[in-house]
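Trainee: I have a model open and want to learn how to read its features. Can we go through it together?

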Amino acid sequence: MVDLVSTTPPKSATDLFSDPLDSHPLWFKPTLFLSPDFDSESYISELRTFVPFDTLRSELQSHLSSLNHELIDLINRDYTDFVNLSTKLVDVDAAVVRMRAPLLELREKIQGFRTAVENLLVALRNGLRQRSEAAAAREVLELLLDTFHVVSKVEKLIKELPSVPSDWSNGDMNLIEKNALSNGTSLQHVENGTNLRETQSMLLERIASEMNRLKFYIAHAQNLPFIQNMEKRIQSASLLLDGSLGHCFVDGLENRDANTIYNCLRAYAAVDNTASAEEIFRTTIVAPLIQKIIPHKLSGVVVGSSGDELEDDYKQIKNCIEKDCKFLLEISSTENSGLHVFDFLANSILKEVLSAIQKGKPGAFSPGRPTEFLKNYKSSLDFLAHLEGYCPSGAAVVKFRAEPVYVEFMKQWNIGVYFSLRFQEIAGSLDSALTLPSLVPVQSSHSDENSQDLTLKQSITLLESLRSCWTEDVLLISCSDKFLRLSLQLLSRYASWLSSGLAARKKGSASSNAGCEWAISASPDDFVYIIHDINWLAKEICGDYVEGVLKLLCTCSTEVLDLVKKSISQGGKSLSDLLPSVINTIIEAVVDKSVEDLRQLKGITATYRMTNKPLPVRHSPYVAGILRPLKAFLDGEQATTYLTNDAMNNLLLGAATEITGRYYELAADLVSVARKTESSLQRIRQGAQRRAGASSDLSDNNVSDTDKICMQLFLDIQEYGRNLAALGVEAANIPAYRSLWQCVAPPDRQSVVNY
């Protein structure tokens with residue numbers, strides 16, 4: 001070790017005046033070697049990307065040398081303590097022997113104490129287990145004893161009941177006393193003024209409470225042999241209780257004994273047999289009343305019934321409920337009575353009404369006759385609302401609506417089929433009108449306030465169909481979303497009918513689009529009817545119609561009403577968007593007629609070509625006929641009656657612009673051909689003169705044929721401009737007219753349009 005100390009190399013000048021030995025580059029971190037998850041391979045693979053292997057090897061060797069130096073320094077620092085350690089450990093074996101004896105003695109005492117504690121713990125556990133078993137056995141025994149006592153008590157109480165129900169149901173006090181004495185019962189209740197019926201019900205309520213307790217005991221000991229041996233006695237007692245309770249309840253219902261009914265209902269509730277009480281009330285009270293109102297069918301004929309209408313029947317049933325059933329409903333809805341478990345409205349009254357309708361008037365549920373179906377459905381909803389009026393609270397209403405009988409009753413009304421039939425009826429009528437081969441104008445009738453301002457049968461049918469969706473004898477609020485969709489579909493169908501017809505007319509054939517024949521054969525006056533009807537329908541739909549729909553849906557939220565208003569208004573706007581297309585169709589028809597007269601200007605070429613006619617001084621006759629179709633249309637009865645001033649102006653300006661454009665195309669083509677022909681003839685004439693030896697620079701001072709043609713066209717367009725002005729159109733404002741003026745006007749008059 002001394003050698004190790006002496007071999008420590010002295011520090012060189014480099015160590016003193018340069019970086020210390022333990023200094024490392026930034027990429028070399030010795031602390032990573034101390035990490036528990038250090039991996040040499042991953043460490044080297046990470047460094048090899050930017051550190052050469054030689055540099056890494058030299059740095060690791062330098063670090064190893066530094067570690068060796070530190071190890072030697074540590075050994076030299078603590079070497080004296082290691083050497084002196086052996087001199088301090090003297091007589092260690094003797095000390096160990098002295099300490100071993102007391103430790104062994106202590107160990108034996110602890111072991112003995114531990115064994116004693118374990119024995120006591122085992123004994124204590126055995127005692128606790130035996131006590132638990134004894135307590136369980138005692139509990140079972142007490143349960144069996146209680147069960148036996150309850151069964152005996154129930155049997156004893158049942159024996160105290162009158163044996164003949166008719167004896168205590170007729171109200172004869174002598175018979176009551178006789179039966180009471182024959183069964184060993186006391187007459188104390190009779191003497192106190194309490195009739196035997198009430199006593200009977202009170203006794204039955206007591207028996208029912210005991211039976212309820214008996215059920216509790218049986219539920220906790222149902223697998224024991226003792227209980228199994230008593231099952232016959234228990235079943236017999238239960239049957240006797242059900243029979244006696246049923247007789248007493250029926251007697252209380254027939255005599256309207258409120259106390260008796262109250263006690264019987266509490267007894268039924270105690271034994272959790274509410275269904276029996278509801279069924280007894282249905283068969284005893286409700287069924288005879290309903291049978292008189294809705295008799296069952298006999299040999300296919302309903303006796304005393306007129307058709308399948310239910311409105312009058314429901315009125316009679318409401319009166320019967322008010323007269324004969326209300327007393328029981330009031331008893332069962334008594335506060336804090338515990339009788340809320342009964343639902344006589346659903347399981348007695350509604351159940352019997354449903355059964356009677358199914359047997360006596362099954363056609364009432366049939367949607368095949370939509371008008372009668374809707375009337376019966378609304379009457380049924382009113383009847384259900386009347387029944388809900390007897391519910392004492394909102395929770396009772398929710399419970400009533402959740403009853404299986406209520407759900408079954410609502411399932412009888414097939415609303416989906418009803419809407420399908422109405423859809424076919426409403427949409428079918430509109431489709432029939434739209435498939436007619438031609439437009440059908442209808443004379444306005446002031447007696448018909450709904451459609452007196454519409455002029456076409458197709459438009460009137462659309463308005464009637466739209467209004468049918470929201471009439472009282474068609475609309476179902478529960479289907480309001482479907483009727484809204486139907487309304488929008490009707491508007492879309494009408495708009496599609498118009499747009500497809502206009503497209504077919506523009507194409508000139510209706511073979512690809514069935515139902516578009518009307519557009520091919522329609523005259524401009526017919527399209528005037530369409531413009532009028534579109535304006536009227538758009539105004540009506542976005543005005544009174546949508547307001548009427550919103551009133552019917554007033555119970556909906558504001559957000560829903562806004563969506564409904566936007567959707568219907570959008571449908572009306574879709575009709576208004578078709579107006580430009582209809583106006584363009586009219587313009588095209590008028591322009592086509594005007595072009596027939598325009599084609600006559602081609603005769604101007606034949607008039608002045610190769611002739612010696614002088615310059616024209618007046619316009620051509622065809623000019624007067626160019627605007628004649630447009631003027632005839634605007635002055636017609638349909639246009640003056642059904643078109644607004646704005647529509648008239650749009651039609652006039654559009655037609656004038658289109659006709660002028662056609663005029664310019666024909667005139668420009670005519671002038672171009674004339675000038676080309678004139679140029680060709682001029683070249684031919686000059687060639688002939690050169691061959692004849694004549695002077696080619698001698699020009700003819702006469703006016704050329706092209707100039708004559710242009711002058712004639714110039715006179716014609718001046719007259720045409722005056723005709724436009726007579727109609728109220730400023731020709732100079734039409735770009736095509738200005739181009740036409742530039743094309744045919746003399747050079748000295750091209751700058752100013754003046755006709």
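Predicted model: local features only at pLDDT ≥ 70, side-chain atom pairs only at ≥ 80, totals over all residues.

Trainee: Which residues make the contact between α16 and α17?

Mentor: From α16, L384, L387 and E388; from α17, V397, F400 and R401. Sorted by class, the contact of α16 with α17 has 4 nonpolar and 2 charged residues, and no polar ones.

Trainee: Now α14 and α16. At what angle do they pack?

Mentor: At about 10°, with the axes of helix α14 (residues 311–332) and α16 9 Å apart. Angles under 35 degrees count as roughly parallel, so α14 and α16 get that label. The crossing of α14 and α16 is right-handed.

Trainee: Which residues of α14 and α16 meet?

Mentor: On the α14 side, E311, Y314, I317, K318 and I321. On the α16 side, K375, N376, S379, S380, D382, F383, H386 and L387. The contact of α14 with α16 divides into 5 nonpolar, 4 polar and 4 charged residues. Note L387: it is in the contact with α14, and it is also in the contact with α17.

Trainee: Let me step back to the whole chain. How many helices and strands does it have?

Mentor: The protein chain has 32 helices and 0 strands. Of its 755 residues, 38% are buried.

Trainee: What share of the contacts with a separation of 6 or more joins residues 24 or more positions apart?

Mentor: The share is 75% in the protein chain. A656 and I734 are 78 residues apart in sequence, yet their C-alpha atoms are 8.5 Å apart in space.

Trainee: Is A656 buried or exposed?

Mentor: Buried means under 20% relative accessible area. A656 has 0%, so it is buried. Leaving out residues up to four places away in sequence, A656 touches L630, Y720, L724, V729 and I734.

Trainee: On to aromatic rings. How many aromatic pairs does a search of the whole structure find?

Mentor: The search finds 27 aromatic pairs. One of them is F33 with Y43: 5.5 Å centre to centre, with 70° between the planes. Planes over 60 degrees apart count as edge-to-face, and that is the class of F33 and Y43.

Trainee: What parts of the chain does the F33 and Y43 pair tie together?

Mentor: F33 sits in the loop between α2 (13–17) and α3 (40–47), and Y43 in helix α3, so the pair ties together parts 10 residues apart in sequence. F33 is partly exposed, at 26% relative accessibility. Y43 is buried, at 8%.

Trainee: And the pair of Y529 and Y642: how are its planes set?

Mentor: The planes are at 70° and the ring centres 5.5 Å apart, so Y529 and Y642 are edge-to-face. This pair links distant parts of the chain, 113 residues apart: Y529 is in helix α23 (residues 524–552) and Y642 in helix α29 (residues 637–642). Y529 is buried, at 12% relative accessibility. Y642 is partly exposed, at 27%.

Trainee: Which residues do ring pairs link into a cluster?

Mentor: F365, F373, Y377, F409, W413 and Y418.

Trainee: What is phi at D272?

Mentor: Near 55°, again a positive value in a residue other than glycine. D272 lies in the loop between α12 and α13 (274–293). D272 is exposed, with 67% relative accessibility.

Technical notes. Residues numbered from 1 in each chain as written. Heavy atoms only, no water. Phe/Tyr/Trp six-rings, centres within 6.5 Å; stacked < 30°, edge-to-face > 60°. Helix = DSSP H or I, 4+ residues; strand = E, 2+ residues; numbered from the N terminus. Buried < 20%, exposed > 50% of the residue type's maximum accessible area, 1.4 Å probe, protein only. Contact = heavy atoms within 4.5 Å. Nonpolar A, V, L, I, M, F, W, Y, C, P; charged D, E, K, R; others polar. Axes fitted to C-alpha atoms, helices over the stretch in contact; angles between N-to-C directions. Parallel < 35°, antiparallel > 145°, perpendicular 65-115°, else oblique. Left-handed = near helix turned anticlockwise from the far one by under 90°.
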